[in-house]
Amino acid sequence: MTSVLIEHAPLPALSGGRYAFFFDVDGTLAAIQPRPEDVFIPDSVIASLQQIATLTQGAMALVSGRPVHELEQLAAPLLPPMAGVHGAERRDASGEMHRTTLPAEVEQTLRAMLTEKINGWPGTQLESKGMAFALHYRQAMQYEQPIIALAQSVVEQYPALALQPGKCVVEIKPLGIDKGAAIGAFMQEAPFIGRIPVFIGDDLTDEKGFLAVNALNGISVKVGEGASQAGYRLKGVSEVYAWLEQITLQLEQDKTTSVRS
């Protein structure tokens, strides 16, 4: 199922349904910062996420390119199900961790080679995630093409790896790993199974997630500008925050109505 992005339509009220919520982090729950380590999720947003998790019996997960240990720090004290490194790491609702790893010698070889290259391009940054690598160039846009060419040469040399372009970053990750597959895995497990998926993201890395949610007749929301497979759009993180408040109010109302009936 494909989706046509509805530019000016209001987001669905999410009333009366059993929903499962999936959130990207950078650019969605947290504003983009000059360096990845500067990103934070406001306390008020974490509180909203906690409410959503409680009101959906735990059917709320973070789905990010960041490793799970970073997501834990960003979302603390909240500890929901999480998919990190685009799904190469996934902690389910029971707390079990599922990981896709690279052979140690491949990881070590690539880390050394990429570090040497990146060190020659001032302002760029290598983020090593164990089973994946992110090459950031937000602070050095002049190196965009050399970095993309470098990443392409890596996946040509290692067919088990794939490229994942993003906003001022290109990632090298295991083939077949993406946010759509991660959401699909969650949707086969409690407490997500049987619910209507809702996924909010902002980047090219989220498009596979939108496609997966659309195929399940869910609600996909693109944050920011650009073409997308998502069904709806929010302009930026401030609109995401406002919608989170609306979601919690609606879920609370549904709970109250259910109790009265």
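Hi everyone, let's start with helix H2, residues 68-75, where the buried residues are Val68, Glu70, Leu71, Leu74 and Ala75. Buried here means under 20% relative accessible area, with exposed over 50% and partly exposed in between, using a 1.4 Å probe and protein chains only. Helices are DSSP runs of H or I with at least four residues, strands are runs of E with at least two, and both are numbered from the N terminus.

Why do the buried residues line one face of H2? Seen down the helix axis, they fall within an arc of 155°, so one face is what they line; that arc is taken from the directions from the helix axis to the C-beta atoms. In general, an α-helix has 3.6 residues a turn, so residues three or four places apart point the same way.

Before going on, a word on the model: it is predicted, so local features need pLDDT of at least 70 and side-chain atom pairs count only at pLDDT 80 or more, while totals for chains, interfaces and linings use all residues. Residues are numbered from 1 along each chain as its sequence is written, and side-chain values use heavy atoms, leaving out hydrogens and water.

What do the buried residues of H2 pack against? Their partners are helix H1 (43-55) and the strands E2 (60-63), E3 (82-84), E4 (89-91), E5 (97-99) and E6 (125-128). Contact means heavy atoms within 4.5 Å.

Next, please find lysine 179, which sits in helix H5, residues 179-186. Lysine 179 counts as buried because its relative accessibility is 1%. Leaving aside neighbours within four places in sequence, lysine 179 is in contact with several residues, among them Asp24, His86, Phe199 and Asp206.

Now over to arginine 233, in strand E12, residues 232-234. At 17% relative accessibility, this arginine 233 also counts as buried. Which backbone oxygens does its side chain meet? The side chain of arginine 233 reaches the backbone oxygen of glycine 224 at 2.4 Å, and a polar atom of that side chain lies 3.0 Å from the backbone oxygen of glycine 226.To recap, the buried residues of H2 line one face of the helix, and lysine 179 and arginine 233 both count as buried.

How values were computed
A polar contact is a pair of N or O atoms within 3.5 Å; within protein, one must be able to donate a hydrogen and the other to accept it, and residues adjacent in sequence count only if both atoms are side-chain atoms.
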